[in-house]
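I opened this one to see what I could look up in it. These are my notes, in the order I made them.

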Amino acid sequence: MHERTMRAVARGLFVACCAVPTCVTMLIILVMWSPWYHRRCIRATEATLALQTGLDVRIGSLERVSPTTWQLGDVQLRDNETKQSIGRIRIVSWVQEDDRTIVRLSQPEIRAEYLDDVWQLVHDRFLCRPEHTLHPIRLAADDLTIQSAHSQITVRDLDGRILPGEKEVSAVLYCMLAGERPDMEPMEIEIKRRRDEGQPRTSVALRTGELNAPLAWLAGYHPAFEKLGDEATFHGAAKLSQVPSQAGMGAAGLVWMLDLSSARIENIDMARMTEFLPHRLVGKGSLQLNRCQIVPGGVVDVDGVIQVTRGWISASLLPRLAEDLGCQLATAVPDDFPFDLIAIDFDLYDGKLAMEGLCNSQRGFEKMPPGTMLCAGGQPIVRTGPQQIAATQLMRLFAAPHSVSVPVSGQTLEMLWLLQPPRGPLTLNDSIGNIPGTPPVDESGLPIGQDAPRVSGRISGFQSAPAPNDAASQPRGYW
């Protein structure tokens, strides 16, 4: 009996020892499968991503597919302050294997007006922080869509690698546009962050390959792209690189230099470009940039060719070409007229502009005189002059008739924010004092006595305070 009891106790202890871990394991599994625990994991992941990205991140689902793979569903990115939608991703797959990370994005969408936020996320919070780029990263995306209020563009087969080095980190992306030939050379984007100098610097290079990249989708990012029209395309290379600023502005004294040398922009809608200008030009234009380096507040070195084939032009533009740009008019044209070709080779450097008409170098127009920049009806209309002009003369060409000359120099540049030129034409009552030889007038246009001159310094849109009732009979003064 004693032996039987001992065996029963032993069996009980064995069952108890097996049952306790099993119960604990089952309890852990039940907790991890519970909606409460799942929501808590999602909230913790959202908080971590928000801290790393600076954005408001919302995750619809979270699943650990394997010990090394996480999958996030319906990821929404919003501005952290305004809560406006920046973009969304249907599925994010994150694989961590040894010293390698693989990220795959399925059907990501980005709003064009928030591309600055996306760049800040990629550059400032990722490439500029070495702790995030200790190991190689492989990035892939299917059907990346960039949307704007005007149009959208879909990028397919995006494949990229982020490769860290001892003194730099580089990211190389290859992609194609939806609808293009599968065997076409892909577009390449390369970003480098160098840390081998006193000031870390970034450069971004874009090469379109065989592709003519549409520009309409960038209208939501900056209004300047909207002026190019819905059919404008970009082909060639573009580079942005950080260089030292001569004025010491920017982060750590660096500014961005834009280099568009050898780039070409085609199908420019000239009617859209001149829509709000005093002189109209209708037609499709192209811009070939042989050399183009622009530093804000510094170097402007641009050489290229502008060409517009078959369109309409305002006759009022012709005398302005002669007066402001020094061009020669072969004939006077009183009305707006259709033209055959505009072709101009220009060189802009050190505040000086040189132009040369190239109509005679185009096929079918070889008989035009040298220097012809505008021809119509088989005849030369405008020829360029031999001299250089100040680059600011180009602004006079497109300025409104009431515009005034503004003396800009290094000494007066800081005053422009205060001493703005008038937006509309000045009237007699807007002038300070009166015009010599013209009697001063009141608000109704009637002359007033010389012994009570009216001095008006008002600008249109501002009104003087009404006079007191007891001063109705007294002459009014304006400040």
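My entries below cover pockets and cavities, a surface patch, salt bridges and a few backbone spots.

**Ground rules.** I am working with a predicted model, where local features need pLDDT of at least 70, side-chain atom pairs count only at pLDDT 80 or more, and totals for chains, interfaces and linings use all residues. Residues are numbered from 1 along each chain as its sequence is written, and side-chain values use heavy atoms, with hydrogens and water left out.

I looked up the second largest pocket, which has a volume of about 840 Å³. For my own reference, a pocket is an open set of points on a 1 Å grid over the protein atoms alone, with protein on both sides within 12 Å along at least five of seven lines. Residues count as lining when they have an atom within 4 Å of a point. A volume is the space filled by probe spheres set on the points, and grid points are joined across faces, edges and corners.

Which residues lie nearest the centre of this pocket? I found T392, M395, R396, V404 and V406 there, out of 24 lining residues. Helix 7 (residues 393-398) gives the largest share of the lining, four residues. Helices (H or I, at least four residues) and strands (E, at least two) are DSSP runs, numbered from the N terminus.

I also sorted the lining of the second largest pocket by class: 14 nonpolar, seven polar and three charged. Here Ala, Val, Leu, Ile, Met, Phe, Trp, Tyr, Cys and Pro count as nonpolar, Asp, Glu, Lys and Arg as charged, and the others, Gly among them, as polar.

**Patch.** V404 turned up again on the surface. Together with V406, V408 and L413, V404 forms a nonpolar patch with about 330 Å² of accessible area. Patches use residues with over 30% relative accessible area and no salt bridge; like charges are joined within 9 Å, and nonpolar side chains (Val, Leu, Ile, Met, Phe, Trp, Tyr) within 5 Å. The areas come from the Shrake-Rupley method with a 1.4 Å probe, and for residues only the protein chains shown count as cover.

V404 sits in the segment after helix 7. Is V404 buried or partly exposed? I get partly exposed, at a relative accessible area of 44%. The scale is under 20% for buried, over 50% for exposed and partly exposed in between (1.4 Å probe, protein chains only).

**Cavities.** How many cavities of 30 Å³ or more does a search of the whole structure find? The count is two. A cavity is a set of grid points where a 1.4 Å probe fits but cannot get out.

The second largest cavity holds about 50 Å³ of space. I noted its lining residues, including L325, G326, C327, L353 and I389. Strand 20 (residues 352-357) gives the most to this lining, with three residues. By class the lining has six nonpolar, four polar and no charged residues.

**Salt bridges.** Side chains of opposite charge can pair when their charged atoms come close. My cut-off for a salt bridge is a side-chain nitrogen of Lys or Arg within 4 Å of a carboxyl oxygen of Asp or Glu. The structure holds 26 of these salt bridges.

I checked a few of the pairs:

- E97 and R100 meet at 2.9 Å, N to O; E97 is partly exposed at 33%, and R100 is partly exposed at 42%.
- D196 and R194 meet at 2.5 Å, N to O; D196 is partly exposed at 38%, and R194 is partly exposed at 38%.
- E190 pairs with R207, with the closest N and O atoms 3.4 Å apart. E190 lies in strand 9 (residues 187-194) and R207 in strand 10 (residues 201-207), so the pair ties together parts that are 17 residues apart in sequence.

I also wrote down a network of salt bridges linking D56, R58, R78 and K83.

**Backbone spots.** D157, in strand 7 (residues 152-164), has a positive phi near 55° without being a glycine. D157 is partly exposed at 47%.

D350 has a positive phi of about 55° too, and D350 is not a glycine. I found D350 in the loop between strand 19 (337-349) and strand 20, and D350 is exposed, at 57%.

My last stop was N212, in the loop between strand 10 and strand 11 (213-214).
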